[in-house]
Amino acid sequence: MSFSRRNFMIATGVAAASTTVLSACSSSSGSGTAKDDAPKVSGSKTTEIPVGTKADSTGPAPEVKGAVKGGTIYSLDQFDMDHLDPAQIYVSTEGAITRPISRGLTGYKIDEKGGCILVGDAATDAGTMKDGGKTWTFTLKDGVKWEDGSDLATTDVKHTFERLFAAFVTEGPRYVQQFLVGGDKYKGPYEGKSLASIEIDGKTVTFRLNEARTDFNYTLAMPGYGLVPKAKDTKEKYDKQPFSCGPYRIGNRSIGKSMTYVRNDHWDPKTDSIRNAYPDKFVFQFGYELLASTDRYIADSGNDQYSMSIFNEVAPERIAQVLTNAKLKKRVLTQVDTVTYYWPINMTRIKDLKVRQAINYAWPHQQLQTVRGGVSTSEIATTVLSPVTPGYTKFDLYGVDKKPGGDAAKAKALLKEAGKVGQKLVIAYQQSDNAVKSAVAIKNALEEAGFTVVNKQVDKSTFYTQIGKIDNDFDLFAAGWSPDWPGGYSVFYPCWSGKNIGDGRSNYAQLNDPSVNKAIDAASKIADVEEANKAWGNIDRMVMELAAVVPDYHSIRNWMYGSKVGNVVYDGGNTCVALCKLYAMK
């Protein structure tokens, strides 16, 4: 199973959104059994991510205690990235791997205790809001340069956001395109046309929005809004070789096998309050299944001592071994995530509500949790929202808590009522050892309930591209989502609003229910935080009453790493291992 399309979003209730974001933070360490020590998703605390000051936005980033410069950090991961062009990035692994080479106007600054604040990245601060949030202004820092030594200019910033409207940009977030005045008619800059709602004056950029968005500065911190130089924009080709203004640049790349980052000599740490740059090089290695990477971490020899993973976690087959061994467990970063993994049901193909309800009743939650490695890796889900996301309301419409192994009898009865016994389901899942085991468990459970199941493996690196096509041939897909900033809007608008149906969009179920659409629009305008959160909880229930999805689990991450990788910490803003805080021990 892949990472979610996105891992993170802002505290909803537009009045409060400009000052704080809520994000889950929890960890586990020490000895004992894996089960006893496993953190719980339900009940985990949330922490505020406030807006930092101009001083907080001023570089250099604080030094990591004990860190040394030099050496190489390696990675052991399953798959290469489908996209590196920021405009196309909405998968969290792609966002994570581009943090050392891509900068935005704003970003997240993390501290040694795991907390984070929103700061100006290439901008001098986190922005100035006017007109209640309909106008936002940012000023560029002096000295920010591209990898060829040229200065980052406001013309680059304007071009970055105008190119989001180009026809070839299909995979990234759509918030800015939706918010900008005139964005509904704009087609991009490549025919010489400009978008008037992005104004530049010297080193200042002003965005004029068609609705008040007090969270716009958080939106711009998403990897999907990383900056692109106008002079080096190669359109579709940019996806394979992006240009850097971060501390590293791409040295070489063998698609599907490896990618190397080397130092960007034109990066000035005085301009960057977020990133450190201790290793001389990063070598990302692809093609390693979870078991293979875990066994290499356990053996901890040669270059593997300097290795970590962006995606690969401890293999389910090794969870108990690793988490009950005090020595091994010291080399595991454990983190409750904001993600909910789920299986959207294609509403254009499975139109009968009773059939969709039957899928939910038959779902083998407990068996799948066992495949993943048990309670140390996940908590069974009954809702779209994670328990650590504002707006979460606990409910269970399909009896999962009472029958976590599935209720085949109830499912079969619903199929009989619908006259659909033997209903064919084509299920898409990724090519990995763990996904294959899960697919077998799902096929067995659904066929016991009266379905006919066809499992289809889809290439890992292009999985989300394929399931994101409107005319795909699948009835269910393995997917997942974390809020783009904690709260309901960034979950329900991108994934469940009928306004966000299209190739490359995140409404995989293609749900287009008028009541849900209306409720999402209304909730996004509620200023009172508590009332807004109630509204998002109600929308969650509406989606589940339509049985548009099978919630599967809320994730607990367990990333293992080599013994000579220093300062492996969690980036709560981007929900990933913080690559720019690592160092290679001498």
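The following dialogue examines how terms are applied to selected features of a predicted model.

Mentor: In this predicted model, local features need pLDDT of at least 70 and side-chain atom pairs count only at pLDDT 80 or more, while totals for chains, interfaces and linings use all residues. Residues are numbered from 1 along each chain as its sequence is written, and side-chain values use heavy atoms, with hydrogens and water left out.

Trainee: Why is Asp131 called exposed?

Mentor: Exposed means over 50% relative accessible area, buried means under 20%, and partly exposed lies in between (1.4 Å probe, protein chains only). Asp131 has a relative accessible area of 55%, and is therefore exposed. Asp131 also has a positive phi of about 55° although it is not a glycine. Its place is the loop between strand S6 (128-130) and strand S7 (135-139); strands (E, at least two residues) and helices (H or I, at least four) are DSSP runs, numbered from the N terminus.

Trainee: Why does Asn567 count as partly exposed?

Mentor: The relative accessibility of Asn567 is 27%, so the residue counts as partly exposed. Asn567 has a positive phi of about 60°, although it is not a glycine, and is found in the loop between strand S21 (565-566) and strand S22 (570-571).

Trainee: What makes S6 and S8 edge strands?

Mentor: Two strands pair if DSSP finds at least two bridges between them. The open sheet of four strands has the order S6-S7-S9-S8, with antiparallel pairing. S6 and strand S8 (198-201) each pair on one side only, and these are the edge strands. S8 pairs with strand S9 (residues 204-208) in the antiparallel sense over four bridges, and Ile200 stands opposite Val205 in S9.

Trainee: What makes strand S14 largely enclosed?

Mentor: Of the 13 residues of strand S14 (residues 332-344), 13 are buried, so S14 is largely enclosed by the rest of the structure. Ten bridges join S14 to strand S20 (residues 549-560), and the two run antiparallel. Pro344 stands opposite Val549 in S20. S14 also pairs in the antiparallel sense with strand S19 (residues 479-481), over three bridges; there, Thr340 has Trp481 as its bridge partner.

Trainee: Why is helix H14 described as largely enclosed?

Mentor: Eight of the eight residues of helix H14 (residues 489-496) are buried, so H14 is largely enclosed by the rest of the structure. Its buried residues include Tyr489, Phe492 and Trp496. They pack against several elements, among them S14, S19 and S20, where contact means heavy atoms within 4.5 Å.

Trainee: How do you know that Arg349 forms a salt bridge with Asp475?

Mentor: A salt bridge requires a side-chain nitrogen of Lys or Arg within 4 Å of a carboxyl oxygen of Asp or Glu. The closest N and O atoms of Arg349 and Asp475 are 2.6 Å apart, and the pair forms a salt bridge. Arg349 lies in the loop between S14 and helix H9 (353-362) and Asp475 in the loop between helix H13 (463-467) and strand S18 (476-477), so the pair ties together parts that are 126 residues apart in sequence. Arg349 counts as partly exposed at 37% relative accessibility, whereas Asp475, at 3%, counts as buried.

Trainee: How many salt bridges does this rule give?

Mentor: The count comes to 30 salt bridges. Arg213 and Glu211 form one of them, with the closest N and O atoms 3.4 Å apart. Arg213 is buried, at 2% relative accessibility, and Glu211 is partly exposed, at 26%.
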